[in-house]
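This short report describes some computed features of one structure. It is written for a reader who has the sequence and the model at hand.

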Amino acid sequence: MDSGSVNSPAWSPVPNFQLLNLPSNSLASPTLLAKLPPRCRQMAMEPLAGLSGARFSVVPGRRHRRRRTSGCHCRMQKASVLLFLAWVCFVFYAGIALFTSGFLLTRLELTNYSSCQEPPGPGSLPWGSQGKPGACWMASRFSRVVLVLVDALRFDFAQPQHSHVPGEPPVSLPFLGKLSSLQRILEIQPHHARLYRSQVDPPTTTMQRLKALTTGSLPTFIDAGSNFASHAIVEDNLIKQLTSAGRRVVFMGDDTWKDLFPGAFSKAFFFPSFNVRDLDTVDNGILEQLYPTMDSGEWDVLIAHFLGVDHCGHKHGPHHPEMAKKLSQMDQVIQGLVERLENDTLLVVAGDHGMTTNGDHGGDSELEVSAALFLYSPTALFPSTPPEVSRFLRTYSAATQDLQAKELHQLQNLFSKASADYQWLLQSPNGAEATLPTVIAELQQFLRGARAMCIESWARFSLVRMAGGAALLVAACFICLLASQWAISPDFPFRPLLLIPVAWGLVGTIAYAGLLGIIELKLDLVLLGAVAAVSSFLPFLWKAWAGWGSKRPLATLFPIPGPVLLLLLFRLAVFFSDSFVVAEARATPFLLGSFILLLVVQLHWEGQLLPPKLLTMPRLGTSATTNPPRHSGAYALRLGIGLLLCTRLAGLFHRCPEETPACHSSPWLSPLASMVGGRAKNLWYGACVAALLALLAAVRLWLCHYGNLKSPEPPMLFVRWGLPLMALGTAAYWALASGADEAPPRLRALVSGASMVLPRAVAGLAASGLALLLWKPVTVLVKAGAGAPRTRTVLTPFSGPPTSQADLDYVVPQIYRHMQEEFRGRLERTKSQGPLTVAAYQLGSVYSAAMVTALTLLAFPLLLLHAERISLVFLLLFLQSFLLLHLLAAGIPITTPGPFTVPWRAVSAWALMATQTFYSTGHQPVFPAIHWHAAFVGFPEGHGSCTWLPALLVGANTFASHLLFAVGCPLLLLWPFLCESQGLRKRQQPPGNEAEARVRPEEEEEPLMEMRLRDAPHHFYAALLQLGLKYLFILGVQILACALAASILRRHLMVWKVFAPKFIFEAVGFIVSSVGLLLGIALVMRVDGAVSSWFRQLFLAQQR
Amino acid sequence: MKDTDIKRLLYTHLLCIFSIILSVFIPSLFLENFSILETHLTWLCICSGFVTAVNLVLYLAVKPNTSSKRSSLSHKVTRFLKCCIYFLMSCFSFHVIFVLYGAPLIELALETFLFAVILSTFTTVPCLCLLGPNLKAWLRVFSRNGVSSIWENSLQMTTISSFVGAWLGALPIPLDWERPWQKEDIQMSDAERKFLASHPVDSLHSSMERYGPSPVRLERPLATWLALLFHHSGYTGIESNLRTRTINWSKGRYFFVQIL
């Protein structure tokens, strides 16, 4: 240990002085030395009850000077670890961004509405219809409309039976010729009906198609509107215009419309659409209502959305006799409607999309995009209104930069020319006949151009980008795997490995930007990032191959042990199945439980739980395990059972995805304010506050246990006084929030004011606590020695009786050095008064104390964002991670000088627990399940126009578990060292009197705990890097699996309902986790730096 | 010595397999409406009874460990009672573990308990037969270097693979084949069926193209397939037991050949 040396404290009685009476020449005698260890261990005995934790006295010496010279190097290494992790994260981000830009079809929703007062184009309308009642822009030709929407009515379903190709024999397909009434009408009344093939835009899923049909826009997956809480359409749409024009809109059928147009219908009959196996419920439900409603006459617009054809396609495919039956039923419906139609009514029969030969839809194949459109009326002719489109384009291009500027400009020119012609046409009616076709052609060209441009930017999967993004993700995972194996080997070239890729990345970026600048293309940030990532990845690979890969076999690259790999693979395979993604909330605790039992069983299997004499048959004899068990078997078993229990209890807070009808969400997820019954509410409130207090008490107890609470440093003062204040604020806020409605009127203002102030105060307190922690992270109690030191020993970082030759080899030189030091000290003391000795307590847990404090401070504001009863889950979360850390620490051996590693099983279990907590805090990876109320915590009046703050609050609510577990990730490395002291303390007898304890020969010396990490800073940083890379790998593989699932299953029925949201949640979760990980590791680094400077100051103070 | 042991091992395993097969067929002679799928609880009881009986008989017949020093009647009785208590305790502790693993606490309690019973018959009963009510010996056998005879080796393998099989049995549960609309079979046209039967590779290809690797509509056939695999056998650990027994059997033959 280079900083200071273990010492028995200056004021301790001196049980160790017998040692010094040894004659100096006898020191070399091996026989004598062999007897020494028990006595020697007595020297560093613990004399001070209550102040546990490692104590160190700082002695100036040669080692300090070395530390100072190497301080700069250490800082460099710290920075490069962080930068390396940041670079890996950047590669991941670039991959995610590239994939997302190819996969997600995004579009901004504009909330402009056109109105009747605003004419579509310049000048007055030629047909001059403004004055007429009920007219808007144009006179209406029909006063009523019946819109029959047959889901998945492909164009050829409306075709007659006979085959088109004359040479071939006629084939009898079940879906042909079943809509015979259409044919009959077309033949008998050719002037009253039209049948069109309508070409629809992909994605051909029902909700997107409905949006497109009613808004006249292109369908996309994500319409980033102002109201992203529901699917409701905020754009200008037909239904909205109809209702605002005073028409009565009656709807019956698919309940998707309920989400899209909440409250828009004067009368509505919704039927559930999810069950695709059910062919008849929706249709029969509609048929029950359709004719009575029609006959009652209380409607202007009647919309009937039939789902049977679509469900039949999903269930049987179009070639099934069932399809013929279904189409015949539709035919009867149409016939019935035609008979009931009055003269002022228009009948529209339309399909929203087609279906493939297998009956699926969602993609853009010819069969999917061709839908039938049938109109029945005396005549049909539709003048178009292109000015709206032009206005939309102008507004849209101002709002976003999506659209290609050049093409937009061309279109603008085209439009202005056309509208000029149009104006001219209006003013000079003489030559109208001649110029009309050119104007129409120009306008049509304009529309087509606009459509093509929008499709280009909105509505097409870019397979190249998706593949590129997936490839980048694979590359990033590969980096993680490679570097995590490489990082702990001593020849890991930190700086060149980091600097060269970054330099190349910069060069690549600049080259790409320059190239784009030369050929004058628009700079795409996503592509730029991808280019930078690729150009930095390739040199890394080359360097890695040159430096490492060629020397070692590739097999060492895949170091994940079998069972862990199996569980991991299973977890990844889950992302490819719709049902498993939906059931992930249940599957994750199962996997976590398996992991826990696996850990316990593995501990037993390795023989670390039982004393070796039990494990070997007496007659086998020699196969004794090398290391004695550090824990009793019951201890690990208790931990395992406790973990399982916690997992099971956390599973009680389960929110069901909407796809599983049989499942019931936990009633405990709702806020207390929604509860009726004062008594139950009070009980629950009490439980929540108790959970809060228990959390607080647990953290304080933990800090007290390791002694860090006794430190007079500001963070610990904050923990002592600030944390209870935060808990008080939280409890008061809950009380206000749950009983806000019952407050007497004169207190209303006070209550609302308090419910605004309290959460902000808690968040502010947490922020100030974190700032204090960052400012002074070293939480140790320093006591100056009362007098001159009587002993000074070099370190003896050894504990337990020496059992092997190796231990003896280690202990014996220590004793020798100790005695040498002792004599030197005596000599010095005779010369002059020795330097002051300072004893610092709790250095052994200084890193983890800072981490735990930070986690608690983070947890409180996050807790406030959730519903009250989730506080129980947070308590379980802390308990669970505490138990898991203990269980993992029981299996991780402490390699004293050497490279520290965190095994894969630990990192995997940690990541799994983060996922489990995500679900048990009442979240689901679907958009309707987001807890929107979190945006109003502390802002009961809303946020005004500010959007980033509510987004931040909701994001913090949703990804709280990701954040907490990522920040807490370094604990995985620190905990085994913490448990070192615990293992020793466990073995001590119940605290008897001190004198007896001191005499006992089994007495252990104080363990070094986390100072072991400081002893080998190089290994420490390498281990942190490795830990970060491993965690990133686990998360990265998950996001890769999600991306692959989304791209492979992009034609899946559930892609926009299950896979795409899952991918988005995983991606955001990954970003939050990686940021949290960087923060956590930076915090450890900060503590390390502070400890260094603390030692340095101490050293300087001593010298003076 | 070893040779005879291996032979005995082979016969005991064959007998165990035979007893499981018998437990499928024999009850249908006596009980009406007996089938594995419909009356699975009865079958579970009968199966565990058969396996326990066979294990006991084999233990009495083969006596792999003949190191019982005291053989007084009272000793035997206490030993037997102890064994019963151990068995019950293992049933209850398995039940607790299943509940902790996510099995519902109140509803389906009978199913969960019967599952615990049958898992106990496949794991605890052989342990009791072979090692007696001696927890330390059990712990020894289930650690890395603790196996001292071929009997213990086979015990270790069968028990561990029973657990693994029971674990695997939980995997198809999330597949949504229990939904009402998934229960009826997908009706295929005759032509389609003929086509699929005659072109297995094409059918796989077309179904992949049609459904993707695991979309909604494939899950019903996938689930039936997995359920056939696991629902009776994997779910109760028999599947893996059988497999291990085969492995053991081949291992035994290997030894046999080596010895010869």
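## A buried lysine in chain A

A:Lys1062 has 4% relative accessibility, so this residue counts as buried; buried means under 20% relative accessible area, exposed over 50%, and partly exposed in between, with a 1.4 Å probe and protein chains only. A:Lys1062 is part of helix α37 of chain A, residues 1055–1103. Helices (H or I, at least four residues) and strands (E, at least two) are DSSP runs, numbered from the N terminus.

Apart from neighbours within four places in sequence, the contacts of A:Lys1062 include A:Phe575, A:Glu584 and A:Tyr919. Contact means heavy atoms within 4.5 Å.

## Basis of the model

This is a predicted model, in which local features need pLDDT of at least 70 and side-chain atom pairs count only at pLDDT 80 or more, while totals for chains, interfaces and linings use all residues. Residues are numbered from 1 along each chain as its sequence is written, chains are lettered from A and ligands numbered from 1 in the order in which they are written, and side-chain values use heavy atoms, with hydrogens and water left out.

## Chain B as a whole

Chain B contains 12 helices and 0 strands. Of its 260 residues, 42% are buried. Among contacts in chain B with a separation of 6 or more, 69% join residues 24 or more positions apart.

## An exposed phenylalanine in chain B

B:Phe80 belongs to helix α4 of chain B, residues 73–101. Its relative accessibility is 51%, and therefore B:Phe80 counts as exposed.
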